[in-house]
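Dear colleague,

Here is the structure I said I would pass on. My notes follow below it.

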Amino acid sequence: VALLLKNKAIETMAQGGFKFTMLAPLIVGLYMRNAVDTTSPDTIMMARIFFICGRLLEFLIFGLIYYKITQKPSEKTVKVSEKDMRPPNPMAAMLGLEEDDEEEEKETLTLDQYDMRVLQADAKQTALQTFIVGLIHTKWGAVIPMVVSVVVALINKPDNTLVRIYLRGETGSADLKRPFKKKSAFADMVAGAKTKKKKKEKGKGGKKARRKGAKEN
C-alpha cells in the first residue's frame, strides 16, 4: 500500500496535478508519532478538542448542504439503481474481483431527492467513522487517529460533489452529473498499478514476438 501511495504521488506530480495537501495527513501522523508526547494529558485533551470540533464542523457543513437542498427543489429527474447508491469497494480492485455488471432495476428520483440520499449516506459514513475512531481512543488510548481522521476529512471536503455544487457553486462539470461516480482513492491506485503492469507485459510480449519473427526470417 505504501508503495502504491508513493507511485501514485509521483505519477500525479509528473502530470502536474500534485497537491501538497495529499501528503498532509501522512506528515501530521509522522510528526505526532516522532515529535509529540501523545501520552501527555495536555496533548490528549487538545487532540480530543480538535477531534470534536472537526467532527462538529463536518456535521455543520452537512446541515448547511441540507438547507441548500431543501431551498432548491428540482423537477429534473435521474434514474439510479441500488448499485449507484453504494459506496465503492476498494478491496475489490486489490483482490481482482469483478463488479457485478448485471442490470439492476432503476428508480426515478428528482435531483434534490437524489442529492438528499447522497447527503444522508455521507453523514452516516462520517458518524460511523466518528464512532470507530472514538472507540479506538477509548479502548487503547490512541490519539493520532483522532487528529489524522479529521485532517483527512477536512482536506477532502472541498472535493466532495455536494460541497462543490451547493457551497462552491460549481456547475457544468462532467463529474458533477448525477448519478455521481463513486470515488475510491485506494481503488484508483490499485487499478492504475494493474493497468501499468498490463501495458508493461503487453510491451514485453510484443518485443518477444518481434525477436521471434526476426529469428525466423
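Is Phe-62 buried or exposed? Phe-62 is buried, with a relative accessibility of 7%. Please keep in mind that this is a predicted model.

Aromatic pairs

Two aromatic pairs are present in the structure.

Helices H2 and H7

The axes of helix H2 (residues 24–35) and helix H7 (residues 144–156) cross at roughly 160° and come within 9 Å. Angles over 145 degrees count as roughly antiparallel, so H2 is roughly antiparallel to H7. The crossing of the two helices is right-handed. On the H2 side, the contact is made by Ala-24, Pro-25, Val-28, Gly-29, Met-32 and Arg-33. H7 contributes Ile-144, Val-147, Val-148, Val-151, Val-152 and Ile-155. Sorted by class, the contact of H2 with H7 has 10 nonpolar residues, one polar and one charged.

A cis peptide bond

Most peptide bonds are trans. Arg-178 and Pro-179, however, are joined by a cis peptide bond, with omega at about -10°. Pro-179 sits in the loop between helix H8 (161–167) and helix H9 (185–216).

Regards

Note on methods:
Residues numbered from 1 in each chain as written. Predicted model: local features only at pLDDT ≥ 70, side-chain atom pairs only at ≥ 80, totals over all residues. Heavy atoms only, no water. Phe/Tyr/Trp six-rings, centres within 6.5 Å; stacked < 30°, edge-to-face > 60°. Buried < 20%, exposed > 50% of the residue type's maximum accessible area, 1.4 Å probe, protein only. Helix = DSSP H or I, 4+ residues; strand = E, 2+ residues; numbered from the N terminus. Axes fitted to C-alpha atoms, helices over the stretch in contact; angles between N-to-C directions. Parallel < 35°, antiparallel > 145°, perpendicular 65-115°, else oblique. Left-handed = near helix turned anticlockwise from the far one by under 90°. Contact = heavy atoms within 4.5 Å. Nonpolar A, V, L, I, M, F, W, Y, C, P; charged D, E, K, R; others polar.
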